[in-house]
Amino acid sequence: RRHRNGLLWSAVLPVPAEAPQQRSDVREGLTAKHAEIAEAEQRNMLVVDNIHFAYRNGPVLDGLGLEVGRGEIVGVVGPNGSGKTTLLRLISGVLRPSGGRIRIDTQDVAELSPSRLARLIAVVPQNPALPDGFTVLDLVLMARNPHLKLLQWEGQTDLDIAVRALEATETLDLADRPLGTVSGGERQRAMVAMALAQETPVLLL
């Protein structure tokens, strides 16, 4: 819309004496439209704008659009092979779309550093490979890394956040258990606790 509006503005030709008022009306209209777009972007935490993606065997997503407001919970459903997992990987920055843009909190995912992206979005993978020698608490504390400086260790605030995440997922009693000794369901809850401890505005499950 901005592009089309830009073309419209550049195409304005000299007109009779009443033109200044008309130009003013056009300018005000464009300004109002830009303000409307900016307001919509502020309302939406996640915007998937006309994205395209294909694997070698053919396209998976073709012009997909999605808007998710702040605090909104959205479920993505569809048959196997319809692109659900691909969409999540594109949103999280693991894959790059061949066309279109993805914005989180008005910021283009393609332009964000890994550390900045990790402060905006947390992901709970389906079948993660976890280090069996780590305890559940060790795993959850790893989520605090994006909030730490280089060579900085976790502090009491980070530990408190991790404990609250463990309490929220009812895994606090597993905190000192090695990951190799917990069940599959307990591992999954530990992964959810890790995502919560990352404290991001967007959470992908």
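From the N terminus on, the elements of the protein follow the order α-α-β-β-α-β-β-α-β-α-α-α-β. The model described here is predicted. It comprises seven helices and six strands. Of the 205 residues of the protein, 34% are classed as buried. Among the contacts in the protein with a separation of 6 or more, 64% are accounted for by residues 24 or more positions apart.

When neighbours within four places in sequence are left aside, the contacts of Met45 are Val68, Gly69, Arg70, Arg103, Ile104, Asp105, Pro201 and Val202. The C-alpha atom of Met45 is separated by 9.5 Å from that of Gln107, although the two residues are 62 residues apart along the chain. Thr106 is placed in the loop between strand E3 (99–104) and strand E4 (107–108). The phi angle of Thr106 is near 70°, a positive value in a residue other than glycine. With a relative accessibility of 35%, Thr106 is partly exposed.

Helix H3 was examined next. The buried residues of H3 are Thr86, Leu87, Leu90 and Ile91. Around the helix axis they cover an arc of only 135°, and they therefore lie on the same side of H3. The elements that cover these buried residues include E1, E2, E3, strand E5 (121–123) and E6. Just after H3, Gly93 adopts a positive phi of about 85°.

Within helix H3, Thr86 was considered individually. Its relative accessibility is 7%, so Thr86 counts as buried. Not counting residues up to four places away in sequence, Thr86 touches Phe53, Tyr55, Val60, Leu61 and Leu95. Two of these contacts, Phe53 and Tyr55, are also partners in an aromatic pair.

The structure holds one aromatic pair. Phe53 and Tyr55 form this pair, with a distance of 4.9 Å centre to centre and an angle of 85° between the planes. The arrangement is edge-to-face, because the angle between the planes is over 60 degrees.

The largest pocket has a volume of about 940 Å³. Its lining is made up of 29 residues, and those nearest the centre of the pocket are Val74, Leu88, Leu203, Leu204 and Leu205. At least two residues of the lining are supplied by each of strand E1 (44–55), strand E2 (58–69), helix H3 (84–91) and strand E6 (202–204). The largest share of the lining comes from H3, which supplies five residues. Of the elements that contribute to the lining, E1, E2 and E6 are also among those that cover the buried residues of H3.

A further helix, H6 (residues 156–168), has 13 residues. From its first C-alpha to its last, H6 reaches 18 Å, close to the 18 Å expected at 1.5 Å a residue. The buried residues of H6 are Asp158, Ile161, Ala162, Ala165 and Leu166. Seen down the axis of H6, these residues fall within an arc of 140°, so they line one face of the helix. Elements covering the buried residues of H6 include helix H5 (136–141) and helix H7 (184–197). The face of H6 turned away from the buried side carries the exposed residues Gln156 and Thr157.

The region after H6 contains a further residue with a positive phi. Glu170 follows H6 and is found in the loop between H6 and H7. The phi of Glu170 is near 55°, a positive value in a residue other than glycine. Glu170 is exposed, with a relative accessible area of 62%.

Methods:
Residues numbered from 1 in each chain as written. Predicted model: local features only at pLDDT ≥ 70, side-chain atom pairs only at ≥ 80, totals over all residues. Heavy atoms only, no water. Phe/Tyr/Trp six-rings, centres within 6.5 Å; stacked < 30°, edge-to-face > 60°. Helix = DSSP H or I, 4+ residues; strand = E, 2+ residues; numbered from the N terminus. Expected span 1.5 Å × (residues − 1). Buried < 20%, exposed > 50% of the residue type's maximum accessible area, 1.4 Å probe, protein only. Arc of directions from axis to C-beta. Contact = heavy atoms within 4.5 Å. 1 Å grid on protein atoms, 1.4 Å probe; cavity = no way out; pocket = protein on both sides within 12 Å on 5 of 7 lines; lining within 4 Å. Points joined across faces, edges and corners; volume = space filled by probe spheres on them.
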